[in-house]
Amino acid sequence: MRKVVMFNSISLEGFFETLDHRIDWVNTDAEFNKFTTENAQSDDVDGFILGRKTYDMMSSFWPTEFALQSNPVVARRMNELPKYVFSRTLKSVDWSNSELVKGDAVQELKRIKHLPGKDLVIFGSGNLSKTFINNDLIDEFQLIVNPILLASGTPLFQDLNNSVRLKLLNVRTFGNGNVLMIYQPDRTTTSDAA
Amino acid sequence: MRKVILFNLMSLDGFFEGPNRSIEWHNVDDEFNDFAVEQVSSTDGLIFGQVTYEMMAEYWPSEEAIRSDPIIADWMNKLPKYVFSHTLNRADWHNTTLVNGDAAVELRKIKGESGRDLFVFGSADLSTSLIQNNLIDEYRVLVNPILLGQGTPLFHGLKDPVSLQHIHTRTFTNGNVLLTYQPVSRAM
């Protein structure tokens, strides 16, 4: 079955955006861009999962001339790969290779995970992520902790129904102070910690 | 001047305690205990807010603590401790000084005294005030491999963002990751 990998940059206190939806604090440089470019070229992934807000943000950025020039490899990949957009309010999706998913998010993601294909990456999408975590549908968490306390913002993980024990797979520290931490849910133990 | 080091265990979703102040999710083992001993033996002063003080003052002198965690208990009981509180009238835990005045002013005084580095454990409310007054010189956050789902955020109520400089990452075999930072204004 296809894995669903959550990929997000967060502040040290766990926010993925400021209250006014800014992500300009995300710490990037040549080394970090090389990492995201290699990630984008990875053969393990052939699809993305997006909530409505993340879709709106990404679809208005990646097809632009600016994105194609400043970040050609990632932009091409983002535009080319299939994207599943989970939304009950959107009427249509115009970004290339996007598919609107209107049904029950849990049932639909289970269906998509069973389709033949490679792994899927979910970006941002706080509410959608919460639903998926609560239903044990996320198979890997890749979090980039940025060296900042934002003071206020939107937590990436919000009000989960249950605690989730994790297994640490890998840690990588970047020269700019970002730390990538990769976890899997530890499905060998029951999650009764809290 | 003495450094003030904030040390805390935190879940991956940013909580330092779960519902009902639960901390039994803390991922501790021999490697962690060695690290904890190293930390307490490097300091000669611990700083607490009232809530954390009351929890610790009840636990560490107890038979249970001395039996299950003798080395740490010995350190915790004998080290000089400062509890910052406007409401406590007395602090009876061995070697504890009650600090009733303005936290920032008082901590600046203590920092100016001769001695080794000081540690703040737990004490989220006090930490907020110390961070905001630029009195924390080093952050050591031990990220535990768990999403608690609910709890009390370690960092809350800050008014302004704080840019940090990453100093060190240490990965423990039990999946804990220690992230060490300095505030950028203090960095070289």
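Two strands pair if DSSP finds at least two bridges between them, and strands themselves (E, at least two residues), like helices (H or I, at least four), are DSSP runs numbered from the N terminus. What we have here is a predicted model, in which local features need pLDDT of at least 70 and side-chain atom pairs count only at pLDDT 80 or more, while totals for chains, interfaces and linings use all residues. Residues are numbered from 1 along each chain as its sequence is written, and chains are lettered from A and ligands numbered from 1 in the order in which they are written.

Strand S3 of chain A, residues 45-51, runs parallel to S6(A) and is joined to it by four bridges, with A:Val45 standing opposite A:Asp119. Strand S1 of chain A, residues 4-11, is also parallel to S6(A), again through four bridges, and there A:Phe7 stands opposite A:Phe123.

Turning to the helices, the axes of H1(A), residues 30-41, and H4(A), residues 72-80, come within 9 Å and cross at roughly 35°, where axes are lines fitted to C-alpha atoms over the stretch in contact and angles run from 0 to 180 degrees between N-to-C directions. A:Thr36, A:Thr37, A:Ala40 and A:Gln41 in H1(A) meet A:Val73, A:Val74 and A:Arg77 in H4(A), contact being C-beta atoms, placed from the backbone, within 7 Å.

In chain B, the axes of H1(B), residues 30-40, and H4(B), residues 70-78, come within 10 Å and cross at roughly 20°, which makes the two helices roughly parallel (an angle under 35 degrees). Here B:Asn33, B:Ala36, B:Val37 and B:Val40 in H1(B) meet B:Ile71, B:Ile72, B:Trp75 and B:Met76 in H4(B).

Finally, how do the chains meet? In total, 34 residues of chain B are in contact with 29 residues of chain A. On the side of chain B that touches chain A, strands S8 (146-147), S10 (162-171) and S11 (177-183) each supply at least two residues, and the largest share, seven residues, comes from S10(B). Strand S10 of chain A, residues 164-173, pairs with S8(B) in the antiparallel sense over two bridges, and A:Arg165 stands opposite B:Ile146 in S8(B).

Note on methods
Two residues are in contact if their C-beta atoms, placed from the backbone, lie within 7 Å. Angles under 35 degrees count as roughly parallel, over 145 as roughly antiparallel, 65 to 115 as roughly perpendicular and the rest as oblique.
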